[in-house]
Amino acid sequence: MNIDAALTPALEQRKKAHLYRERRILATAQGPEIKLAGKSYLNFCSNDYLGLANHPELVKSFKQAADEYGVGSGASHLVVGHSSVHHQLEEALAEFVGRPKALLFSSGYMANLGVVTALLGKNDSIFEDRLNHASLLDAGILCGARFQRFRHNDVNDLKIKLGKQQSEAGRRKLVVVDGVFSMDGDLAPLPELAALCQQEDAWLMVDDAHGLGVLGEAGRGTLSHFKCSKDDVPVLMGTLGKSFGTAGAFVAGSEALIDTLVQFARTYIYTTALPSAVAAASLCSLELVKNETWRREKLKVLINQFRQGAKDLAYTLADSATAIQPILVGEPATALALSQALQAEGILITAIRPPTVPKGTARLRVTLSAAHSEDQVKQLLNALEKVKTLKA
């Protein structure tokens with residue numbers, strides 16, 4: 001069969017179901033105001049929560065490092081691609097999250113695949129929250145371990161599933177959750193999960209991509225927010241492409257954990273290292289995240305302003321106190337229509353539809369940034385008032 005003839009029906013079906021995805025082509029730097037196809041928009045769909053992606057100090061650090069180290073790293077970390085800047089960043093990140101060591105990965109997706117597949121095999125078991133990020137779910141499938149999903153943030157459901165899994169010598173059990181869930185904005189109950197894992201002799205891994213920089217003391221993330229220790233959560237993953245405004249990811253933990261990943265994590269071993277210039281910019285960003293506490297304080301103000309205004313307009317919001325503020329609308333066609341209507345008003349918000357979220361829970365994923373102003377949030381609310389008849 002011709003390849004196009006084989007593939008086209010599934011694409012057409014996705015279009016009919018209002019699930020077809022299309023890319024937008026950005027013509028400016030990331031920020032609260034951006035341009036697409038020559039038109040300006042207010043941007044409420046970026047993960048640049050602290051407004052650092054185009055910060056002049058990060059740009060300066062990137063340029064200086066590019067002058068010194070060039071653009072490409074040229075090789076994997078284990079060949080000749082691991083620069084002194086990479087090493088400095090790993091040490092700084094480990095200190096930031098209170099772990100002995102950290103290891104850089106080229107993306108959060110690669111970090112999650114690398115960790116899970118390095119730690120588990122066919123004789124082991126993995127337990128994941130049903131709303132975990134796709135990279136974690138894919139890792140659970142690819143590692144070959146017995147894979148079970150538990151109801152979202154339901155510690156009792158996890159307890160039942162762990163209890164049914166008999167412990168045998170040498171067989172590992174890994175529980176994996178997002179710290180902040182990327183499509184809902186709510187937090188995992190980490191203290192309860194950590195206590196259960198210790199009781200059931202399981203390891204707990206947290207993907208804190210959306211918590212680091214925003215939550216906890218000095219932005220140290222969801223674990224800091226809940227005052228969880230490295231013994232509570234032995235495996236911590238974080239990304240640099242969201243609150244930190246750069247790119248890449250890291251895993252932090254004990255020396256034995258990191259050394260294991262260096263030896264066995266295929267997505268670390270067999271990929272080119274991030275450019276040193278990105279690592280340099282991330283070092284600069286880390287200092288801003290720690291020291292510019294006003295960014296987190298301003299973000300809280302904007303979150304409260306948005307939530308109150310959206311509730312006054314009778315929109316249904318998820319139970320989130322983070323920068324991720326989903327407006328729940330139900331059907332994909334409704335979410336898409338609202339997104340398109342808002343774009344016509346100069347507001348960019350992505351319509352999130354299945355399979356990214358469960359069927360019947362399509363939504364507008366509003367994300368706020370410290371770079372937004374209160375007036376810009378007011379403009380968003382005014383636009384939502386104008387299009388709200390579409391949600392009926």
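Which residues line the largest cavity? The answer comes below, from a predicted model.

## The cavity

The largest cavity is lined by Gln-30, Gly-31, Pro-32, Asn-43, Ser-46, Asp-48, Thr-367, Leu-368, Ser-369 and His-372. By class, that lining holds 2 nonpolar, 7 polar and 1 charged residues. The volume of the largest cavity is about 70 Å³. With a threshold of 30 Å³ or more, the count is 1 cavity.

Why look for such spaces with a probe? Rolling one the size of a water molecule over the atoms shows where empty space is left.

## The sheet

Seen strand by strand, an open sheet of 7 strands runs in the order β3-β9-β8-β7-β6-β4-β5. Its pairing is mixed. Strands β3 (101–105) and β5 (146–150) stand at the edges. Each has a single partner strand, so one side of each is left without a neighbour in the sheet. From one strand to the next, the twist averages 20 degrees.

Strands of a sheet pair through backbone hydrogen bonds, either parallel or antiparallel. Here, β6 (residues 173–178) and β7 (residues 203–207) pair in the parallel sense. Asp-178 stands opposite Asp-207 in β7.

## Helices on the sheet

Helix α7 (residues 155–164) packs on the sheet. It touches β4 (125–129), β5 and β6. The direction of α7 makes about 155 degrees with that of β5.

Helix α8 (residues 190–199) lies across β6 and β7. Its run is at about 155 degrees to β7.

## Aromatic pairs

The count of aromatic pairs is 2. One of them joins Phe-96 and Phe-244. This pair is edge-to-face, with 90 degrees between the planes. Centre to centre, the distance is 6.2 Å.

Where do the two partners lie? Phe-96 is in helix α4 (residues 84–97), and Phe-244 is in the loop between β8 (235–239) and β9 (249–253). The pair therefore ties together parts that are 148 residues apart in sequence.

## The second largest pocket

The second largest pocket has a volume of about 260 Å³. Its lining counts 15 residues. Those nearest its centre are Pro-234, Val-235, Ser-254, Ala-256 and Leu-257.

Which helix gives the largest share of this lining? That is α10, with 3 residues. Both α5 (108–119) and α10 (255–264) supply at least two residues each. By class, the lining of the second largest pocket has 9 nonpolar, 3 polar and 3 charged residues.

Technical notes. Residues numbered from 1 in each chain as written. Predicted model: local features only at pLDDT ≥ 70, side-chain atom pairs only at ≥ 80, totals over all residues. Heavy atoms only, no water. 1 Å grid on protein atoms, 1.4 Å probe; cavity = no way out; pocket = protein on both sides within 12 Å on 5 of 7 lines; lining within 4 Å. Points joined across faces, edges and corners; volume = space filled by probe spheres on them. Nonpolar A, V, L, I, M, F, W, Y, C, P; charged D, E, K, R; others polar. Pairing = 2+ DSSP bridges. Helix = DSSP H or I, 4+ residues; strand = E, 2+ residues; numbered from the N terminus. Axes fitted to C-alpha atoms, helices over the stretch in contact; angles between N-to-C directions. Contact = heavy atoms within 4.5 Å. Phe/Tyr/Trp six-rings, centres within 6.5 Å; stacked < 30°, edge-to-face > 60°.
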